[in-house]
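Student: I've got a structure open and would like to learn how to read it. Can we go through it together?

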There are 2 protein chains.
Amino acid sequence: MTVTRNIFYISDRTGLTAENIGEALLNQFSNIEFKRATYPFIDTAEKARSVVDIVNRAAESQGRRPIAFVSVVNNEIRQIIKEANAFQINFFDTFLGELEKELDVEATTAHHGHHGIGNTQRYDARMEAVNFSLNHDDGVSDKNLKEADVILMGVSRSGKTPTCLYLALQYGIRAANYPLIPDDLESADLPRMVKPYKEKLFGLTIQPERLQAIRQERRPNSTYSKIDTCRSEISDAQSMFKRHGIPFTNTTDKSVEELAVHILQACKLKRRF
Amino acid sequence: MTVTRNIFYISDRTGLTAENIGEALLNQFSNIEFKRATYPFIDTAEKARSVVDIVNRAAESQGRRPIAFVSVVNNEIRQIIKEANAFQINFFDTFLGELEKELDVEATTAHHGHHGIGNTQRYDARMEAVNFSLNHDDGVSDKNLKEADVILMGVSRSGKTPTCLYLALQYGIRAANYPLIPDDLESADLPRMVKPYKEKLFGLTIQPERLQAIRQERRPNSTYSKIDTCRSEISDAQSMFKRHGIPFTNTTDKSVEELAVHILQACKLKRRF
């Protein structure tokens, strides 16, 4: 029998943290169906009270209290949310007191996340990195390639672009990418454009069947999307990575988040903000 | 007196969740300096033991135990990490038992986050959205604009591109963007290219001083980067948004994450994965 439970993510910021940890926890309960709603930017007493109403109504209409993941920095708002008829997992309430004890100081709820100057710097670093990645997408230009933090290399549709953009947005990393075309793969040498930057190269591989499915979407029934083409391109690319000692990873079962963290580790890169 | 404390983020996945909630908590302690290290993908007993060693050595050399934010799904690995000489904030240990009680079932640690089929679907949605956003960056094409989930509109350098890419990567949203050039701003009408999609439009504004600083970086001492130019372009853009009833927000003090969530709310968009 499948049970459905209402899940509320409540936050005075974006709610992303509450969602992430909530999903990680809910993932452990595969037999239950969850119905989710996120209430971000609950940053006034009025908004908090209206969320409490919504939660209470859900509890009543379901005849069962919802589960609320609450990530609210502001103490006053947290106290209002607490009144809601829900099983509450409250990150700040649970951990802030413990941390105060360990650090032997009181928390100062005055300042508020990434705002102000910190935000501007973060924004600039992101902006610069995103522009860099866009200007160096698909090997369009070797201009300023020496300023790249990393250059992702792989066959067409192996996942380079989303990974580069994620590295730029999440970490401010300047990630260029270079697509290995058949001409490159036939040569024993590294492609001319990236050869001077060998130490910045990172390779992406992918399962041939998965690559075929992706390419088939894009250009159905072409040579490009034949399984044999995919197999031989991937095999040539891997040989190239091994021959030149370029670190590489298989993207097939990895999310963009996981790929990004793998690359940071392998290339010893640090976030720029 | 500034105290320095060692912070460890330990995870059997990317560590992003541990970092996010850890940073939100540490942000509340402004007088303490934190030295951070993240250990992602700690997914074997061997790796776990080597992290325990690192933490223990840090405790010894500092004469004070570090603080560890631990987000480890696997129970065996969690038990190993627990031996480390650190003040530990452990998300799964703290909340999983409570959730089991509330849901009245035992957690099944078998399945593992975004892997497998779920990952493939998520990847496809992202890929498609990222490609869409790249193909519709800076108003380069009105092809398929009717397939856009949202079209961000604003003057040059108001933050459209990073926001579009973030919406695509994080939520699978197809976000196009259209830069308002002086010709557009002089007209009382909406730009021809986006006029048919009025209900999808969302406007971005920005503080003139901030815009000037960004433009100055790009084209120093040009008309484009003069404060008067920035002021009048922004004012014209805001008038346009108001005249046509287009929802808009000021990007100046918002992170890309916050912008994205604002836009989702205002446009009633749902994540595509």
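Student: Where does the largest share of the lining of the second largest pocket come from?

Tutor: Ground rules come along with that. This is a predicted model, where local features need pLDDT of at least 70, side-chain atom pairs count only at pLDDT 80 or more, and totals for chains, interfaces and linings use all residues. Side-chain values use heavy atoms, with hydrogens and water left out, residues are numbered from 1 along each chain as its sequence is written, and chains are lettered from A and ligands numbered from 1 in the order in which they are written. Now your pocket: H5(A) gives the largest share of its lining, five residues. Helices are DSSP runs of H or I, at least four residues, numbered from the N terminus.

Student: Is Tyr171(B) buried or exposed?

Tutor: Buried means under 20% relative accessible area, exposed over 50%, partly exposed in between (1.4 Å probe, protein chains only). Tyr171(B) sits in helix H6 of chain B and is buried because its relative accessibility is 3%.

Student: Which residues does Tyr171(B) touch?

Tutor: Contact means heavy atoms within 4.5 Å. Leaving out residues up to four places away in sequence, its contacts include Leu16(A), Tyr166(B) and Phe273(B).

Definitions and conventions: Helix = DSSP H or I, 4+ residues; strand = E, 2+ residues; numbered from the N terminus.
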